[in-house]
Amino acid sequence: MKIEQYVVGSVATNCYFVIQENTKQILVIDPGASPKQLGEKIDAAGYEPVAVLLTHGHFDHAGGAEALAKKYGIPCYALEQEKETLENPSLNLSPWEGAEKKYKADIYLKDQQEIDLAGFHIRVLWTPGHTVGGCCYYFPYEDALFSGDSLFAQSIGRTDFPKGSASQLVRAIKEKLMILPERTTVYPGHNDLTTIETERMYNPYL
């Protein structure tokens with residue numbers, strides 16, 4: 001596994017390319033903005049996109065997904081509980097950027113569902129609280145977790161948005177994420193990387 005991180009959009013969202021080095025197939029996680037520039041990176045490197053994975057439906061994570069999916073003819077995945085957030089501008093916060101927009105996924109996943117994409121095995125973990133259907137993507141064989149806006153380095157996602165819940169989010173993080181191996185690297189939706197071990201020891205919210 002090779003990972004490339006690109007910071008995109010007005011609120012500095014981390015978009016990740018998860019790369020299968022043998023085949024150059026990639027997964028694109030949370031392309032919230034700049035789909036043209038992300039596509040140029042993909043083409044310049046000779047990568048073959050397989051899917052877009054969304055951790056949740058806020059504009060800064062989902063905004064560029066449809067354009068990239070269309071460009072490469074690939075599906076976009078999200079958790080089934082996030083359908084309303086994606087499709088409702090008052091929930092996906094797109095008016096923050098001046099226009100109401102609706103987003104969509106092609107394939108809706110279930111909590112704890114396991115999928116295989118681009119040669120990677122992935123477990124989907126529902127972590128509601130930042131949004132109703134927020135999720136994390138866990139790659140058990142690579143000790144990697146893409147946590148979206150659920151878990152950050154020594155912090156957690158905001159819960160003051162519509163339908164947010166601090167108690168739900170903390171419970172989900174404790175029950176679903178803190179039980180992962182301590183060596184697991186956490187790739188959050190904003191700011192710096194961390195590990196499960198570090199968050200167990202130092203995250204004040206947990």
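This report walks through the cores, helices, cysteines, cavities and a few single residues of a predicted model.

## Ground rules

Since the model is predicted, local features need pLDDT of at least 70 and side-chain atom pairs count only at pLDDT 80 or more, while totals for chains, interfaces and linings use all residues. Residues are numbered from 1 along each chain as its sequence is written, and side-chain values use heavy atoms, with hydrogens and water left out.

## Two nonpolar cores

In soluble globular proteins, nonpolar side chains tend to be buried together. A nonpolar core here is a set of buried Ala, Val, Leu, Ile, Met, Phe, Trp, Tyr and Cys residues joined through side-chain atoms within 4.5 Å. Buried means under 20% relative accessible area, exposed means over 50%, and partly exposed is in between (1.4 Å probe, protein chains only).

The largest nonpolar core has 25 residues, and Phe17, Ile26, Val28, Ile42, Val52, Leu54 and Leu86 have the most contacts inside it. Two or more residues each come from β2 (13–20), β3 (25–29), α1 (35–45), α2 (59–62), α3 (65–72) and β5 (76–79). Those labels are DSSP runs numbered from the N terminus: helices are H or I with at least four residues, strands are E with at least two. There's also a second, separate core of 22 residues, which includes Leu27, Ala118, Val124 and Ala144.

Take Leu86 as a way into the largest core. Contact means heavy atoms within 4.5 Å. Setting aside neighbours within four places in sequence, the contacts of Leu86 include Leu54, Gly57, Ala62, Ala78, Tyr103 and Tyr108.

Not counting residues up to four places away in sequence, Ala78 touches Leu54, Leu86, Ala105, Ile107, Tyr108, Leu109 and Tyr137. Ala78 and Asp106 are 28 residues apart along the chain, with 8.2 Å between their C-alpha atoms.

Start with α1, whose buried residues are Leu38, Gly39 and Ile42. Looking down the axis of α1, these fall within an arc of 100°, so they line one face of the helix; the arc is that of the directions from the helix axis to the C-beta atoms. They pack against β1 (2–8), β2, β3, β4 and α3. On the face turned away from that buried side, α1 carries the exposed residues Lys36 and Ala44. Just after the helix, Gly46 takes a positive phi of about 75°.

Now for α3, where Ala65, Leu68 and Ala69 are the buried residues. Down the axis of α3, they also fall within an arc of 100°, so they line one face of the helix. Their cover includes β3, α1, β4 (48–53), α2 and β5. Gly73 follows α3 with a positive phi, near 65°.

How many disulfides does a search of the whole structure find? It finds 0, with a disulfide being a pair of cysteine sulfur atoms within 2.5 Å. The sulfur of Cys76 is too far for a bond because the closest cysteine sulfur, in Cys135, is 11 Å away. For the sulfur of Cys135, the closest partner is in Cys136 at 6.7 Å, again too far for a bond. Both Cys76, at 2% relative accessible area, and Cys135, at 1%, are buried.

## Empty space inside

Rolling a probe the size of a water molecule over the atoms shows where empty space is left. On a 1 Å grid over the protein atoms alone, a cavity is a set of points where a 1.4 Å probe fits but cannot get out, and lining residues have an atom within 4 Å of a point.

Among the residues lining the largest cavity are Thr55, His56, His130, Cys135, Asp149 and Ser150.

## Loop residues

Most residues other than glycine have a negative phi. Ser34, in the loop between β3 and α1, has a positive phi near 55° and is partly exposed at 29% relative accessibility. Lys163 has a positive phi near 70°, lies in the loop between β12 (155–156) and α6 (166–177), and is partly exposed at 46%.

Notes:
On a 1 Å grid over the protein atoms alone, a cavity is a set of points where a 1.4 Å probe fits but cannot get out, and a pocket is an open set with protein on both sides within 12 Å along at least five of seven lines; lining residues have an atom within 4 Å of a point.
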